[in-house]
Protein chains: 2
Amino acid sequence: MAATLCFQQPSKPISYFPHPKSKPSPPLTTKLSFFRCKASVQTLISVEPEPVFTSVKTFAPATVANLGPGFDFLGCAVDGLGDHVTLRVDPSVRAGEILISDITGTTTKLSTNPLRNCAGIAAIATMKMLGIRSVGLSLDLHKGLPLGSGLGSSAASAAAAAVAVNEIFGRKLGKEALVLAGLESEAKVSGYHADNIAPAIMGGFVLIRSYEPLDLKALRFPEDKELFFVLVSPEFEAPTKKMRAALPTEIPMVHHVWNSSQAAALVAAVLEGDAVMLGKALSSDKVVEPTRAPLIPGMEDVKKAALEAGAFGCTISGAGPTAVAVIDGVEKGEEIGERMVEAFMRGGNLKAVACVKKLDKVGARLVSSISR
Amino acid sequence: MAATLCFQQPSKPISYFPHPKSKPSPPLTTKLSFFRCKASVQTLISVEPEPVFTSVKTFAPATVANLGPGFDFLGCAVDGLGDHVTLRVDPSVRAGEILISDITGTTTKLSTNPLRNCAGIAAIATMKMLGIRSVGLSLDLHKGLPLGSGLGSSAASAAAAAVAVNEIFGRKLGKEALVLAGLESEAKVSGYHADNIAPAIMGGFVLIRSYEPLDLKALRFPEDKELFFVLVSPEFEAPTKKMRAALPTEIPMVHHVWNSSQAAALVAAVLEGDAVMLGKALSSDKVVEPTRAPLIPGMEDVKKAALEAGAFGCTISGAGPTAVAVIDGVEKGEEIGERMVEAFMRGGNLKAVACVKKLDKVGARLVSSISR
């Protein structure tokens, strides 16, 4: 599924204004109350669509990027954990603009300035793609994910917002376009990478083949098979940039061959629905995990505990600090999660929480809507 | 399909004696007429099997290893090109031993000393696995492949021989065991690598996940879809060892990520039978092909010509010098082959021959047999 998009020039840039209650932002080069959208996306729709709903509520799932040997090009979505966006047509908001009216949930320290907020940036980019000039919108973000957990928190917000804008205007854009909108947000938060935003929007497993042009490949896990992730998040901050700085710039050829073959096996395991092979491949990274695991106290013990408890594989989720293990049933997953929580305390002196979640095969979606 | 084998100690080592007409070999540490097999394989069958045929004829296909980003862990078999072995129960050969009685075909410069011949080494290893002590065998090898072409010539001989020994004794060994027997041969010729011998024996595409233990994954190209390879072999010697020495020992992380993602895409393309995606992935190597292509005169022009003529992708087959392009039909393949042959002459001043072959989905097989 290559996102070969036919771009058209917008007739007017999408803009936004910050919520009156938002905290003061550092001075920028232009007026605080009105910025031109810096998004590089362009209008894709020739006739500005009208809203088909007065309000929509969307959900976007948490995501596990990297998956061991899939560093920087593989990710998948996990069900039942993620962010919600409620988006309304709001006559009090200037036409073509968006307001972030409220942020609730696991974190409230996010800016309500749309250009400094993942959901806001993605919503603006989606409005720009749709060429929205005649309608003002207001957005509420409900965070179900903590920041910096390695579970694609920013991508979940961006995905829920992009899908909400698309849905309220009658779903004119395809998923590839929404990934591009979400990428505008990701680029400002943690770098131009699609391994969280693509699965957050598309669901399932997604392989990122290239960025120029963006070329995404959905990898379908068989419908009749289930896959469970044990997600164990310690109370520890592992900032993406620091974790990225820990990576080597050159790697031995022998590790390249090894990791490539494991990534290849991981893809085969996904397409064939082989949870055991998938776990083994996910667990086999010799390039990234060995440099990052020592930066997360207890991670090596956690992996060992997961495997000893019967997990098919275990690695770091995204840039961490969450550890992710793979299994084929909920009960076994809960047992594995307990062992992993204990290991975080024993090996890293860190409190941690565990949950067991299914693979999300759907991606960001409409939860409810109010027709006009 | 992991080759987890239960090894048993042989009660007597397999041995061989060279054909009386064979050229003198350099002195070895033991008697020329009788060597202990150096194969590391062990007997897998508790009761020595009896031959079920007096004679068998087998075929093993040519193979394309590496496939661009699949360097050292991916290979596939191509139909209608390969080596034949005729194996006979021979009362004139001492029990438990093997004689290479004749070598015909594209090359006759191979040694008939079984320990210095790919077919001989693989046959001895297979006899050892079967625990053959009571029967002597004689083997004729008919080469359909030239040496050093990058089409798995040594692997085809080894595969045909291993399968012949297994068939004549009633097919007691599985394909994984036969790959191990063939690996004994490959290790002595070009290094312990399975990306030719595994597809030569198993057919289709094979992913080598690990060597310790040997862990092979057959990747099934859909039965209802066809895939064609345009194989263009120039008159040029590209010895595997020299091509291997050209490789970097360290590679940039950015190339690692790129190549891994392309290898992952290649596997997805194989399993989904997507020839276009497969070609694109095969054509995208940034690690190995850029260092090897300049060592084969005209290769860069050949790749360009193939793509311009409509090939879905093109790269070096194995360590070269054969160029391999991918397409979905014979006629288009023949046209592409002509353009590639012209480009070898134009860009490298090399004569070349082209052929278009289907993916071989079967691997080494029994062609005919004479019952006892």
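In chain A of this predicted model, four strands make up an open sheet in the order β11-β12-β9-β13, and their pairing is antiparallel. The edges are held by β11 (313–316) and β13 (352–358) of chain A, each of which has a single partner strand, so one side of each is left without a neighbour in the sheet. On average, neighbouring strands of this sheet are turned by 20° against each other, direction ignored. Strands and helices are DSSP runs numbered from the N terminus, a strand (E) having at least two residues and a helix (H or I) at least four; two strands count as paired if DSSP finds at least two bridges between them. In general, the strands of a sheet pair through backbone hydrogen bonds, either parallel or antiparallel.

The numbering of residues starts from 1 along each chain as its sequence is written, while chains are lettered from A and ligands numbered from 1 in the order in which they are written. Because the model is predicted, local features need pLDDT of at least 70 and side-chain atom pairs count only at pLDDT 80 or more, whereas totals for chains, interfaces and linings use all residues; side-chain values use heavy atoms, with hydrogens and water left out.

Within the chain A sheet, β11(A) is joined by 4 bridges to strand β12 (residues 323–327) of chain A, and the two run antiparallel. In this pairing A:Thr315 stands opposite A:Val324 in β12(A). Two helices of chain A lie across strands of the sheet. Helix α9 (residues 299–308) of chain A lies across β11 and β12 of chain A and runs at about 160° to β11(A). Helix α10 (residues 330–348) of chain A lies across β9 (228–234), β11, β12 and β13 of chain A, at about 20° to β9(A). Such angles run from 0 to 180 degrees between N-to-C directions, with axes fitted to C-alpha atoms, for helices over the stretch in contact; contact means heavy atoms within 4.5 Å.

Chain B also has an open sheet of 4 strands, in the order β11-β12-β9-β13 with antiparallel pairing. Its edge strands are β11 (313–316) and β13 (352–358) of chain B, each with a single partner strand, so one side of each lacks a neighbour in the sheet. Here β11(B) is joined to strand β12 (residues 323–327) of chain B by 4 bridges, and these strands run antiparallel; B:Ile316 stands opposite B:Ala323 in β12(B). Helix α7 (residues 275–282) of chain B packs on the sheet, where it touches β11 and β12 of chain B, its direction making about 155° with that of β12(B). Helix α9(B) lies across β11 and β12 of chain B, at about 160° to β11(B).

Charged side chains link further parts of the model. A salt bridge is a side-chain nitrogen of Lys or Arg within 4 Å of a carboxyl oxygen of Asp or Glu, and by this rule there are 32 salt bridges over all chains. One of them joins A:Arg365 to A:Asp79, with the closest N and O atoms 2.9 Å apart. A:Arg365 lies in strand β14 (residues 365–371) of chain A and A:Asp79 in strand β4 (residues 74–89) of chain A, so the pair ties together parts that are 286 residues apart in sequence. Relative accessible area classes a residue as buried under 20%, exposed over 50% and partly exposed in between (1.4 Å probe, protein chains only). A:Arg365 is partly exposed at 24%, and A:Asp79 is partly exposed at 26%.

In chain B, a salt bridge joins B:Glu308 and B:Lys304, with the closest N and O atoms 3.6 Å apart. B:Glu308 and B:Lys304 are 4 residues apart in helix α9 (residues 299–308) of chain B, which means that about one helical turn separates them. B:Glu308 is exposed, with a relative accessible area of 62%, and B:Lys304 is exposed at 53%.

A:Ser210 belongs to strand β7 (residues 205–211) of chain A and is buried, with a relative accessible area of 11%. The side chain of A:Ser210 reaches the backbone oxygen of A:Pro213 at 2.5 Å. Apart from neighbours within four places in sequence, A:Ser210 is in contact with A:Asp215 and B:Trp258.

How values were computed:
Polar contact = N/O pair within 3.5 Å; in protein donor to acceptor, adjacent residues only side chain to side chain.
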